[in-house]
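Here is a friendly set of notes to read alongside the picture. Take them one at a time and find each spot as you go.

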Amino acid sequence: MGELKGKKIILGVTGGVAAYKAAELTRLLVKAGASVHVVLTEGGAHFVTPVTFQALSGHRVWADLWDPRMGNNMAHIDLSRDADLIVVAPATADVMARLAQGQCDDLLTTLCLARDCPLLVAPAMNRQMWEHPATQRSVAQLVGDGVTVLGPDAGEQACGEVGYGRMLEPEVLYEALAAHFQPKRLAGRKVVITAGPTFEAIDPVRGITNSSSGKMGYALARVCAQAGAEVVLVSGPVALPTPYGVARVDVASAQQMHAAVFANLDAADVFIGVAAVADYRPADAAEHKLKKSGEAMTLSLVPNPDILADVAALPNAPFCVGFAAESRDLDTYAEGKRRNKKVPMIVGNLVQDALGSDDNQVVIYDAAGRHPVPRGAKDALALRIVEHLGRLLVAA
Ligand code: CTP
């Protein structure tokens with residue numbers, strides 16, 4: 001991605017276990033051509049040494065407000081002067097509270113106050129600390145002050161707790177920083193996205209489903225939110241955390257997904273159907289668990305509604321984007337789906353290339369033809385898809 005090439009990024013590393021992930025973030029940013037200047041707080045230096053960051057960034061690491069290396073003794077002014085962005089990762093509850101208060105009692109907080117560029121923070125802390133009203137007040141204050149809060153993620157924590165508070169993975173932070181330099185293509189737009197598989201019950205413990213990790217739909221939801229859109233994500237059963245700033249509605253069956261989409265379509269500008277919706281469901285789901293009889297069993301299936309086609313057929317339909325996962329003849333089937341479902345844009349891929357993996361290769365089909373997108377991580381592809389979508393929306 002070229003968005004980060006030549007950008008000057010100040011990376012603030014504060015005292016959390018996730019400080020080790022900041023080393024990988026530094027590596028990714030440097031690889032993308034950014035110039036990374038690390039400011040390590042006293043707490044941060046307890047977890048990772050300056051040598052690590054110096055080796056990875058190729059620049060000396062800053063820690064002290066009174067660093068004698070800065071001729072005019074104004075490290076806080078000189079460092080932030082031509083910075084394109086300051087990111088604090090990990091950001092502890094303490095640094096967030098101090099930033100929210102406008103305190104400047106060390107180099108990092110002073111830099112943040114003396115800056116003339118965007119500030120992004122990636123919180124990392126224990127679940128209870130994150131949920132504490134004091135931290136939530138800091139978050140609200142920072143957001144109100146125009147600071148971008150990236151994450152946190154949910155999952156297992158170093159302290160043994162499970163819940164929100166984990167710092168986003170370095171790859172995700174990297175994508176978010178790259179996205180930050182993207183224009184806000186979807187500002188003021190409302191986007192409704194379906195993602196994941198659907199689950200069609202046979203009885204209380206069994207059902208029919210499709211293979212879908214939900215990763216592509218979630219990546220798109222994240223990127224649309226980063227591009228400035230209000231995003232509603234209608235999700236089938238997946239094991240993924242909700243992207244920051246996205247409103248998520250959980251559903252199981254295709255009928256529930258259909259109902260949830262239509263309940264959220266009001267004032268929607270864009271609908272993106274990424275979900276692998278089951279085309280059929282059992283005619284009658286048994287109320288109680290079916291017992292085996294040893295005999296052959298026939299399951300009677302009835303068709304599910306086609307959510308994408310139904311949305312596209314609305315009188316004032318939002319701009320519709322479909323996905324086509326095919327096992328062969330991608331051009332024929334994907335373009336065929338675009339015409340049959342009457343949608344302006346379809347993203348096609350060969351299933352053998354993609355399922356469950358983080359990488360994918362896609363081709364975008366629209367009225368102007370086919371547009372292959374270079375192979376990449378699903379997050380990077382999502383950026384390219386949103387770029388294309390943004391261009392078509394402007395032209396629509
Ligand atoms: N889709 C949908 N509702 C359905 C089936 C599909 O909204 N009941 C959407 C998917 O989210 C995707 C697009 O339609 O955006 C294409 O899905 P796909 O399953 O590939 O297409 P089908 O129309 O089901 O065609 P087939 O299974 O015959 O390939």
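At what angle do H1 and helix H3 pack, and how far apart are their axes? Please keep in mind that this is a predicted model.

1. Let's begin with that pair of helices. Two packed helices are described by the angle between their axes and the distance between those axes. For H1 and H3 (residues 50-57), the angle is about 15 degrees and the axes are 9 Å apart. Angles under 35 degrees count as roughly parallel, so H1 and H3 are roughly parallel to each other. The crossing of H1 past H3 is right-handed.

2. Now look at who does the touching. From H1, the contact is made by Ala19, Ala22, Ala23, Thr26, Arg27 and Val30, and from H3 by Thr52, Phe53, Leu56 and Ser57. Sorted by class, the contact of H1 with H3 has six nonpolar residues, three polar ones and one charged one.

3. Next, find Thr14, in the loop between strand E1 (8-13) and helix H1 (19-31). Is Thr14 buried or exposed? Its relative accessibility is 2%, and buried means under 20%, so Thr14 counts as buried.

4. Stay with Thr14 and follow its side chain. It reaches the backbone oxygen of Pro90 at 2.6 Å. A polar atom of the Thr14 side chain also lies 3.2 Å from the backbone nitrogen of Thr92. Leaving aside residues up to four places away in sequence, Thr14 touches a list of residues that includes Ala19, Thr41, Gly43, Val88, Val95 and Leu108.

5. What covers them? After H5 comes Gly102, which has a positive phi, near 75 degrees.

6. Finally, visit Lys342, in the loop between helix H13 (330-340) and strand E17 (345-350). Exposed means over 50% relative accessible area, and Lys342 has 67%, so Lys342 is exposed. Not counting residues up to four places away in sequence, Lys342 touches Ala312 and Lys337.

Key:
Residues are numbered from 1 along each chain as its sequence is written. This is a predicted model: local features need pLDDT of at least 70, side-chain atom pairs count only at pLDDT 80 or more; totals for chains, interfaces and linings use all residues. Side-chain values use heavy atoms; hydrogens and water are left out. Helices (H or I, at least four residues) and strands (E, at least two) are DSSP runs, numbered from the N terminus. Buried means under 20% relative accessible area, exposed over 50%, partly exposed in between (1.4 Å probe, protein chains only). A polar contact is a pair of N or O atoms within 3.5 Å; within protein, one must be able to donate a hydrogen and the other to accept it, and residues adjacent in sequence count only if both atoms are side-chain atoms. Contact means heavy atoms within 4.5 Å. Axes are lines fitted to C-alpha atoms, for helices over the stretch in contact, and angles run from 0 to 180 degrees between N-to-C directions. Angles under 35 degrees count as roughly parallel, over 145 as roughly antiparallel, 65 to 115 as roughly perpendicular and the rest as oblique. A crossing is left-handed if the near helix is turned anticlockwise from the far one by less than a right angle, and right-handed if clockwise. Ala, Val, Leu, Ile, Met, Phe, Trp, Tyr, Cys and Pro count as nonpolar, Asp, Glu, Lys and Arg as charged, and the others, Gly among them, as polar.
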